[in-house]
Amino acid sequence: MTDESRIPAGVVQLDEFRWMLPREGGMRVPGVLIANRALLEKMLSDRTPQQVKNAAHLPGILEASIAMPDAHWGYGLPVGGVVAMHPDEGVVSPGAVGYDIGCGVRLLRSRLTRAELQPHLDALADALHREVPCGVGSSGAVRCSLPELDQALRQGARWAVARGMGRASDLEHCEEDGVLADADPDAVSQAARLRGKNQLGTLGSGNHFLEVQEVEEVYDPEGARALGLERGAVTVMIHCGSRGLGHQICTDYVRDVLGKLAGWGIHLPDRQLACAPLRSPEAQAYLAAMCAAANFAWANRQCIAHGVRRAFEQVLRRSAGDLGLDLIYDVAHNIAKFETHETSAGRVRCLVHRKGATRSFPPGHPDVPAAYRAVGQPVLVPGDMGRYSFVLLGRPGSMEHAFGSSCHGAGRQMSRTQAVRETRGRDLVQELRAQGVVVRYEGRDTLREETSEAYKDVAEVVRVVEGADLAKTVAKLRPFVVVKG
């Protein structure tokens, strides 16, 4: 029996890992928080539940407004939020996709072990830092003209591969093959294009990173074999997005739709959720620009992966092919896409917004790459620079409970300002080195803002994801070289 007296007022426990915020006021659907009690308490300590409720007011929303276990307060929709929209009655909300459109994670495996790399760690860290520019406003890795940029906005990761920055096999291991077909550069403002023109191949700042990791534990041998992972092997994880281009696109379209809400008869409790009816020209223009930004992000991670391979080759004096630096998968976690899902109203092709949430399709799903269809879609869950990250595989519960979604990371539990304040006087570089982590970074406060204690424990987040049957844990990765912006 559930001890109802221990459940916070206004929250109904559905099962061990799901909590409902019942409909009230103008909510069209309930809210659902996916969490254990400890993570629920963290959500309740900020504005996450209220933002989940606010999103439940969006016209045409289906089933529920959902928060993943790593969810925390964000712009409009919580980071870790998932909402799906009816194709006729629904809307698209730029704030429910996020400012870093197409932000995601890419994971490469290798034939190397940490012992082989140990004598070269500082040289490798320097080479990675040199080959992959990072920090606020970083640029210069791949320069292109505006016409060339428009090609990248249409072609995504294919653009980079066609220019010698990667292999055709890389594309087969990206979500959507690294490109969304509905992109239109004409829907992207000149300001956004100018911001992005020289930022391909750059890491950016904030929580973005490049890590060299070791597979510390394997929990699912069959899944690990399918992914080419084994205990002790070296991996490389890349986390970044669409840089200034995506940010400007979100800024442009939030401004555009804000002034038109009343004319559409849309009334929202939070203007940060400003949206446009899916059948409107404004929605179609935003979706075309959003797809272009997602393509930019895939091209960006492809260019960064090329820089990573170059860095390893320079330091180890062996080819990337000989080192086995192959792409396992690349997945986005700030995106909106049309997908077919079972709902209480039947099978619907709906627009799924994932903001700080990762697609997590189960075994057998036709949209999972052929190489992984038997085991499910890879789900890449970064933690923090001092602890660990995880690799998972999609499970059927994701389709039942979360429109085919899972978490995207650990989730912040401390603001950047608080993290800087809490770590004053500490030598974080030396602390990380004492933990066996070599770090390179840009920006005076980068390491303080991204300190481990600023984040929830990703292991606890992953336990909830697995308990809720959203994804299955395959392996744990521990970082030992970190490059931060």
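At 1% relative accessibility, Gly-394 falls under the 20% limit and so counts as buried. This comes from a predicted model. The glycine belongs to strand S16, which covers residues 389-394.

The surroundings of Gly-394 can be described through its contacts. With neighbours within four places in sequence left aside, Gly-394 touches Ser-360, Phe-361, Pro-362 and Pro-363, along with Val-375, Gly-376, Gln-377 and Val-379, and also Leu-470 and Ala-471. For Pro-362, the C-alpha to C-alpha distance to Gly-394 is 4.5 Å, although 32 residues separate the two in sequence.

Another part of the model is an open sheet. Seven strands make up this sheet, in the order S1-S2-S3-S4-S5-S13-S12, with mixed pairing. Strand S1 and strand S12 are the edges, each pairing on one side only. From one strand to the next, the twist averages 25 degrees. In general, the strands of a sheet pair through backbone hydrogen bonds, in either a parallel or an antiparallel sense.

| Strand | Residues |
|---|---|
| S1 | residues 12-15 |
| S2 | residues 18-21 |
| S3 | residues 31-34 |
| S4 | residues 65-72 |
| S5 | residues 79-85 |
| S13 | residues 346-355 |
| S12 | residues 334-343 |

Within the sheet, S5 and S13 are antiparallel partners joined over five bridges. Gly-81 stands opposite Lys-355 of S13.

Helix H2, residues 48-55, lies across S2, S3, S4 and S5. Relative to S4, helix H2 runs at about 155 degrees.

Definitions and conventions: Residues numbered from 1 in each chain as written. Predicted model: local features only at pLDDT ≥ 70, side-chain atom pairs only at ≥ 80, totals over all residues. Heavy atoms only, no water. Pairing = 2+ DSSP bridges. Helix = DSSP H or I, 4+ residues; strand = E, 2+ residues; numbered from the N terminus. Axes fitted to C-alpha atoms, helices over the stretch in contact; angles between N-to-C directions. Contact = heavy atoms within 4.5 Å. Buried < 20%, exposed > 50% of the residue type's maximum accessible area, 1.4 Å probe, protein only.
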